[in-house]
Amino acid sequence: MERRIFIIEYAKGSDKGFDGFRPDSKPILAEIKKVTDRDREIVFYRPNKKYELLEYLRENAHSVISRINPGNLKEVDEYFQFLKALSNAGVEVHTHPDVMINLDFKDILAKLKGTILGDDDTYFYHTYTDFVSKFPADLDKYGIRVLKTNYGSTGEGVYLVSKKDDGSIFTVEAVNNEKFYFDDIDEFLHKFKVNFEEDNENAAYFQGKAGFVGCRYLERIAEGEIRVLLVNDKAVSVVHKKPQEGEFSATLFSGATYKYESPTDPKWKDVMYITNKGLKELKPYLAGQNYPLLWTMDYIMDYDKEGKDSYVLSEINCSCVGITTELQYAKDVAAVFKPAKKKK
């Protein structure tokens, strides 16, 4: 039997439709059917059944499309090892775990300093000790900072931290806009310690990944984030993500609105210039693999030294970007699986 194309979903999670599947999974497979003769199938990853699934996919899969939000998994490292094992067995894996671990985690923002994508005022606090020794000075310097947990999603683990004139600390969590007040920096540091996790010495992928990234707070977040939606190295849309009035998070979970536009629209020429140049900067982090199957580069607008618009990369998402509300992009995803024409 000819090998098939599989989508891998997780059996649980808030991303399911009424039928138990992600609403964009079947449309993606329907479009793949139009461009390839291969059979298609959706399977569910269950941690207690992973070895049986691994063997099944080794025997039957030509390629697999991972459609699991790592935030839904307790053991993400094990899942990444599962995908790596498939790749080692000759199965095409979209997106490869070596790419996800490098691009989908916030520490990439610190690694890109000195490039067209990077911001020099970004720092990765890997340990709580590092955080205690450096963050107070960073907060004094700027008065306000954004902290992002290295592997959060949908605004979870993102904090806006500001220092008031009386030395008190005020924080807002992006996912729910919950506000906290602390008498001073010492109280804040003490209470924030619980958010730091230690590295798991048995983890293959997650070594050195615990911690928080500290970034500049960009006031123009009030104008929204600019998201470039890509399939491999091709931009298919530019999405203007506008937060709710008075909020700093631009996620759907925090009430933001999304507007999809063409990447060829002249008003997006600057952000597309940065994106296309930035693809070359990201190449070393692909570990010899292809660019992610379906992914985004998110920017917040700022002003350069001359007062002109500039764009600051705020995050990359490549583990499970949804297109439920814009299913037309399923065609672009499917095009990746179109067999190459044989030379005569």
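Student: Which residues lie nearest the centre of the second largest pocket?
Tutor: In this predicted model, local features need pLDDT of at least 70 and side-chain atom pairs count only at pLDDT 80 or more, while totals for chains, interfaces and linings use all residues. A pocket is an open set of points on a 1 Å grid over the protein atoms alone, where a 1.4 Å probe fits, with protein on both sides within 12 Å along at least five of seven lines, and lining residues have an atom within 4 Å of a point. The lining here comprises 24 residues, and those nearest the centre are Glu92, Val93, His94, Val336 and Phe337.

Student: Which strand gives the most to the lining of the second largest pocket?
Tutor: Strands are DSSP runs (E, at least two residues), numbered from the N terminus, and helices are runs of H or I with at least four. Both β3 (61–66) and β4 (92–94) supply at least two lining residues each. With three residues, the largest contribution comes from β4.

Student: At what angle do helix α2 and helix α3 pack?
Tutor: Axes are lines fitted to C-alpha atoms, for helices over the stretch in contact, and angles run from 0 to 180 degrees between N-to-C directions. For α2 (residues 50–60) and α3 (residues 76–88), the axes are 10 Å apart and the angle is about 25°.

Student: Which residues of α3 does α2 meet?
Tutor: Contact means heavy atoms within 4.5 Å; side-chain values leave out hydrogens and water, and residues are numbered from 1 along each chain as its sequence is written. From α2, Lys50, Leu53, Leu54, Leu57 and Arg58 take part, and their partners in α3 are Glu78, Phe82, Ala85 and Leu86.
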